[in-house]
Amino acid sequence: MNSRTIILLLISIVIAALAVLNWHTLITPTTVSLGVTEIEAPLGAIMLGLTILLCVFFLAYVLTLHGSVLMETRRHVKEMAAQRDLADKAELSRFTELRQFLETQQRQQQDLLNARMDAMEARVTARTAEAENVTAAFMGQLEDQLRGRGAPASVPSRIADVDVGAFKPSGDRF
């Protein structure tokens with residue numbers, strides 16, 4: 001219980017205690033003026049009844065206000081849940097779009113890498129074939145020189161002394 005409820009409860013207890021302790025005085029008949037006429041009635045009982053009626057109306061007002069606040073709160077909670085669901089769906093959609101974008105980028109990068117690897121493999125194969133041809137031509141020339149002349153003195157004794165300028169392959173490097 002909060003402090004306001006305790007204060008209202010204490011005031012109600014004090015009013016009830018005063019009414020019980022002074023009941024004889026409250027029910028003593030007196031002349032009560034109603035503006036147009038006068039009647040003989042217990043003024044204390046009338047005032048106590050009006051106070052009780054005021055409390056009942058006040059309690060009904062508070063309960064109605066509390067009920068409307070609860071209904072409004074419930075409506076806000078439902079709206080917040082709906083907005084949260086929309087936000088979650090939008091975020092899920094963004095994640096899906098991001099995943100699709102990343103997969104597309106990965107496929108493009110993989111295709112580009114595969115194309116580069118294929119081109120590199122083709123260049124390596126061409127360079128290897130060219131190197132084999134140069135080596136075969138060089139070996140063939142050496143064999144021709146060794147067979148045709150016997151063992152001429154112009155045959156180099158080391159590979160470093162051989163002029164391979166005529167056998168250099170043309171084309172781009174790795």
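Leu 65 lies in helix α3, where helices (H or I, at least four residues) and strands (E, at least two) are DSSP runs numbered from the N terminus. With a relative accessibility of 43%, Leu 65 counts as partly exposed; buried means under 20% relative accessible area, exposed means over 50%, and partly exposed is in between (1.4 Å probe, protein chains only). This is a predicted model, in which local features need pLDDT of at least 70 and side-chain atom pairs count only at pLDDT 80 or more, while totals for chains, interfaces and linings use all residues. Residues are numbered from 1 along each chain as its sequence is written, and side-chain values use heavy atoms, with hydrogens and water left out.

The protein chain has three helices and two strands. Read from the N terminus, its elements follow the order α-α-β-β-α. Of its 174 residues, 6% count as buried.

Leu 65 also belongs to a nonpolar surface patch of about 570 Å², together with Leu 8, Phe 58, Tyr 61, Val 62 and Val 69. Patches are made of residues with over 30% relative accessible area and no salt bridge; like charges are joined within 9 Å, and nonpolar side chains (Val, Leu, Ile, Met, Phe, Trp, Tyr) within 5 Å. The areas come from the Shrake-Rupley method with a 1.4 Å probe, and for residues only the protein chains shown count as cover. Helix α3, which spans residues 43–149, gives the most to this patch, with five residues.

Which residues lie nearest the centre of the largest pocket? They are Leu 8, Ser 12, Cys 55, Phe 58 and Leu 59, out of 15 lining residues. The elements that give two or more residues to this lining are α1 (3–21) and α3. Helix α3 gives the most, with nine residues. By class, the lining has eleven nonpolar, four polar and no charged residues; here Ala, Val, Leu, Ile, Met, Phe, Trp, Tyr, Cys and Pro count as nonpolar, Asp, Glu, Lys and Arg as charged, and the others, Gly among them, as polar. The volume of the pocket is about 480 Å³. A pocket is found on a 1 Å grid over the protein atoms alone, as an open set of points where a 1.4 Å probe fits, with protein on both sides within 12 Å along at least five of seven lines; lining residues have an atom within 4 Å of a point. Grid points are joined across faces, edges and corners, and the volume is the space filled by probe spheres set on the points.

The charged pairs come next. Side chains of opposite charge can pair when their charged atoms come close. A salt bridge is a side-chain nitrogen of Lys or Arg within 4 Å of a carboxyl oxygen of Asp or Glu, and by this rule there are three.

Glu 72, Arg 75 and Glu 79 are linked in a network of salt bridges. Between Glu 72 and Arg 75, the closest N and O atoms are 2.3 Å apart. Both lie in helix α3, three residues apart, about one turn of the helix. Arg 75 also meets Glu 79 in a salt bridge, at 2.4 Å from N to O. Glu 79 and Arg 75 are separated by about one helical turn because they are four residues apart in helix α3. Glu 72 is partly exposed at 35% relative accessibility, as is Arg 75 at 37% and Glu 79 at 39%.

Glu 143 forms a salt bridge with Arg 147, with the closest N and O atoms 3.8 Å apart. These two residues are four apart in helix α3, so about one helical turn separates them.
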